[in-house]
Structure formats: structure tokens, C-alpha cells
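Please keep the sequence and the structure in view while reading.

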Amino acid sequence: MNLGFLGLQFSFGLQQSNMGPIYRYLGADEATMPLLWLAGPVTGLIVQPVIGAMSDRTVTRLGRRTPYFLIGALLCSLCLFAMPYSPSLWAAASLLWVLDAANNVTMEPYRAYVGDRLDARQRPLGFLSQSAFTGLAQTLSYLAPSLLVWWGISSDAVDANGVPAITRIAFIAGGMISLVTILWSVWRVPERPLPKAERAAIRAAPLSARQTLRDLIDAIAEMPPAMRQLALAMLFQWYAMFAYWQYIALALARLLYGTSDPASPGFREAVLVSGQLGAFYNFIAFIAAFAMVPAARALGAKPVHAACLALSGLAMLSLPGFESEAALFVPMAGIGLGWASMMGNPYVMLADAIPPARTGIYMGIFNMFIVIPMLLESVTMWLVYRPLLGGDPRNVLLLAGGLMLAAAMATMTVRAPRT
């Protein structure tokens, strides 16, 4: 199933590295640009808990998670094909809503599927393997435009809206990869049949809108204490990471090329550099995720996660002090460690605290701990960008670094089971 997860994360990587520049190419203002990223957190807030509850009670010939993989992958691919051809800002923003909804339909069952198949001893390897494949997929997606330039396509070849040809080609490739990898995974790794007792329990309270709502309300009311305690750390780390993704290319344009003009060659070069740096930190995440497995087993996921967040925070704080492209790869190692941990260790901590029969719904609810911080960032950044941050994207990186350090401290207050 990790191959399918690779395709899904390739899609997320394309968004992280390219939506900010695409919005700027189409005329978005730097301060209000985060409002155009609302699609991800809003659809995640609604879609993942609902899909989680539904997949827990779905019984089909393909399994309870697989139908959602397939529907989400098809919609995701169609949106990736269309995104770089958006004729206007509103068209790109609208497509992002559908794309993020599709990604969320696919994502939640994948996380639940790991919990379905693995016992407590295996979960660190399972979730950190997903983290590793996140790093690998996003390494490829971040690097795709630079690869196209190295293969001879000019970064200055743009359409009437200023969107580079290399961006269009990368999104088309992403659509194909997303669809093919999901289909391959479903074919090669079918779901295990449900035990008779679990199948009978599902049929006794079958899937319905009323039952889904009741399940959500009950699950929130009965949320395990360790899961509640993770909320503050998740707030800080995901607010920070979302701000970083939105502003890193803009910050590099100022830092390396002294420009904020999206039509300038310097801005397009900064986008390529941002992709290369992003590919590097994702490759670090790919390697680090496997290295974290024995560390999480020996020390517990909590201290490992806190240490990685602290390193990521220090790296973000140091970024505006580097003025050469080569030197910027040094702090990317810290960001890669933090990213690897964010995509794995919180799920290890969560999976050990929730009842197995409710894995889908709790994984969906836990996604709210990711998207609510993103939602807050999207609706607050425009309020502070110019008054408090001086209208400078480099200061957004400093804010993100401070929040990562706060997340590390908050993680250490969680009373989670050792793994």
C-alpha cells in the first residue's frame, strides 16, 4: 500500500511547492494569499472525520477502505491535470477545493488501514514507513520542475498567465502518478476480510447519515486523554508548517534575488531553488523516518518527536541568516527531521491510545488537529503579515521557527503510552 501512499503524497508535494507561486503568477496579494489556501483545512475538517466514520461501517466486496481510495484518486488526478491551466485566480482556488477534498477522501482510509493491519509492536514501523514514503514522494514532486529544466526545458517559457511550462508538465505527471499508484496498490494489496463478529456488528448498525453523526459525537465525547493532550502541540507545529509552505518561495526570492515581482526571472529561479531545497529536506525525511523506528521503540515516540520538532524550529529560525543557495541546504536537514517525525510519530502515539474498532473515526478526528491550525493560519496571517511581520515573508519563517519550538515543549507534556 505504500506505493499508493507515494502517489497521494506526490500530489500533496506539488501543492506545497507550487500553489503559492501559482497564486502569485495569477495576481494574488502576498498578505491575503493564505486565504486562498483555505481549501485544504476546510475540506480536511469536514471530509476526513466523515470518511473515517463511514469507512468504519462500510462493507463491500473490495473492503471497507478501498472504495474511498479509488474515488479520491480519480478526482485527485483530474484536478491535477487541470490545475496549471487555470485561466484565473478564482479558477485555481476552486480547483484546489476539489483537489483537497479528493486528497482527504483518500488520505484518511490510508492511515486507518495501517491501524487495521498492524499490532502495537508493528505500528512504529508502519506509520514511520508511511512517513518515509511521504518524504520520497515529495522529494520527487518538489524536484520535478528542476529536473525538467535540467533536461532542457526553459524556466522562462510561460503561458499568458505567467505559469511556467515546467509547472504544467509536473502537474500532469502528478495526475498520472497518483492514479496509477493507487490502482496498483489496490490490485496488489487487497484488504483482509473482516472477522465475522466485526462484520455482524457493522450490519447491526449499518452506514447511514444519522449513524455517522452519532459515531462522530460519541467519539469526540469519549476521546482518549492522550489524544486530547496532543492538540496543543499539533496546533503549533501545523500552523508553523503551513506558513512555511506558503511563504518559503517568496522568502527565497527576497533573500537570494532581492525581488518580490512574480513576473521576474529571479522569482522563477527562487521557485526552482525552493523546490530543490524542499526535495532535499524530504529526502532527509525519507531516510530519517526509517532511522526513527528503533529510536521510537527504545525511547518512545514522544521524546523523539519533541527533539525533531526542536531541530526543525531552530532550522527555520536560522534560514533568513543564510545568503547563499548552497548554505541553505544545511538547515534543510533539521526541517527534514521535523517533517519525518510529524508524519509518523504523532500517529504512533495516537494508535496506542485508541480502540482498534474505532481506528477510522479517530484517525479522521485526529486530522482535525492538523487542519484547524491550518485554518487558523489562513484566516489570521493576513491580519499580522504587514502590521507585525513588516510585509516580509522572511519574518514568516521566524514566526514558524518559534512555533516549532513551542510545539516541542508542548509535546513533552503529553502523557502517552510508551511504544
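Predicted model: local features only at pLDDT ≥ 70, side-chain atom pairs only at ≥ 80, totals over all residues.

A residue is called buried here when its relative accessible area is under 20%, exposed when that area is over 50%, and partly exposed in between. W339, with a relative accessible area of 2%, is therefore buried.

**Aromatic pairs**

- The structure holds 12 aromatic pairs, and in one of them the rings of W245 and W339 have their centres 5.3 Å apart with planes at 90 degrees, so this pair is edge-to-face.
- Because W245 belongs to helix α9 (residues 225–257) and W339 to helix α12 (residues 329–342), the pair ties together parts that are 94 residues apart in sequence.
- F283 and F286 form a tilted pair, with 6.2 Å from centre to centre and 40 degrees between the planes; the two residues are 3 apart in helix α10 (residues 265–299), which separates them by about one helical turn.

**Nonpolar surface patch**

- I71, L74, L75, L78, F81, W97, V98 and M176 form a nonpolar patch on the surface, and together they have about 730 Å² of accessible area.
- Helices α3 (66–82) and α4 (89–117) each supply at least two residues of the patch, the largest share, 5 residues, coming from α3, while M176 lies in helix α6 (residues 165–188).

**Salt bridges**

- The count comes to 7 salt bridges, one of which joins the side chains of D29 and R386 at 3.1 Å, N to O.
- This pair links distant parts of the chain, 357 residues apart, with D29 in the loop between α1 (2–25) and α2 (39–56) and R386 in the loop between α14 (359–384) and α15 (393–411).
- Both partners count as partly exposed, D29 at 32% relative accessibility and R386 at 48%.
- D159 and R168 meet in a salt bridge at 3.7 Å, N to O, in which D159 is partly exposed at 24% and R168 is buried at 19%.
- R254 and D392 meet at 3.9 Å, N to O, linking helix α9 to the loop between α14 and α15 across 138 residues; D392 is buried, with a relative accessible area of 13%.
- R24, E30, R254, D392 and R394 are linked in a network of salt bridges.

Definitions and conventions. Residues numbered from 1 in each chain as written. Heavy atoms only, no water. Phe/Tyr/Trp six-rings, centres within 6.5 Å; stacked < 30°, edge-to-face > 60°. Helix = DSSP H or I, 4+ residues; strand = E, 2+ residues; numbered from the N terminus. Buried < 20%, exposed > 50% of the residue type's maximum accessible area, 1.4 Å probe, protein only. Patch = residues over 30% accessible without salt bridge, like charges linked within 9 Å, V, L, I, M, F, W, Y side chains within 5 Å. Areas by Shrake-Rupley, 256 points an atom, 1.4 Å probe, with all protein chains shown as cover. Salt bridge = Lys/Arg side-chain N within 4 Å of Asp/Glu carboxyl O.
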